[in-house]
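Student: I've got the model open and some questions about how its parts hold on to each other. Can we go through them one at a time?

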Amino acid sequence: MTVTPSRLEINLRRLLSQCNNMVSEGKLDDWRLEKYVGTLESMVGDLRASRSPPNTEILTDYARQMEFLKGLLHADKLASPSEKVMASQLLTPGSMATNNRRITKEIQLKTTGKYTNEMRNELFGNGWQFEKYFF
């Protein structure tokens, strides 16, 4: 017997998907993303307190995804690129579901690469090219 998800859970899934899309497109500095993640946090709390919450595994998965997004936002606000790289590498991909885990791992790799490039540009200057000096 399958349980149909509540309207709140469907909206939570849609908002998680929208947040993942925004992050994968590199829109970490978009003001809406921070508001969306705050709304996700309250939605996860509401879902836990609802009359018929989903099983604990699903709730934990939603909470992990939300914490992952919060961690990305926090890492983006750090001052130095080296701190950003360290913070993004310490993030645990949000979901245990196979497809969502792939998406969050991809997001983590993209943001870590972006911060690594920022750190490289800070250390060597914007015009520095690795291949020019070593190949």
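Student: Is K77 buried or exposed?

Tutor: Keep in mind that this is a predicted model. The cut-off for exposed is over 50% relative accessible area. K77 comes in at 54% relative accessibility, so it counts as exposed.

Student: Which residue does K77 meet in a salt bridge?

Tutor: The two side chains come to 3.0 Å, N to O. K77 sits in helix α3 and its partner in helix α2, so the pair ties together parts 43 residues apart in sequence.

Student: Which residues are joined with K70 into one network?

Tutor: K70 has a salt bridge to E41, with the closest N and O atoms 3.1 Å apart. That one links helix α3 to helix α2, so it ties together parts 29 residues apart in sequence. K70 also meets E67 in a salt bridge of 3.7 Å, N to O, and these two are about one helical turn apart in α3. Shared partners therefore put K70 in one network with E41 and E67.

Technical notes:
Residues are numbered from 1 along each chain as its sequence is written. This is a predicted model: local features need pLDDT of at least 70, side-chain atom pairs count only at pLDDT 80 or more; totals for chains, interfaces and linings use all residues. Side-chain values use heavy atoms; hydrogens and water are left out. A salt bridge is a side-chain nitrogen of Lys or Arg within 4 Å of a carboxyl oxygen of Asp or Glu. Helices (H or I, at least four residues) and strands (E, at least two) are DSSP runs, numbered from the N terminus. Buried means under 20% relative accessible area, exposed over 50%, partly exposed in between (1.4 Å probe, protein chains only).
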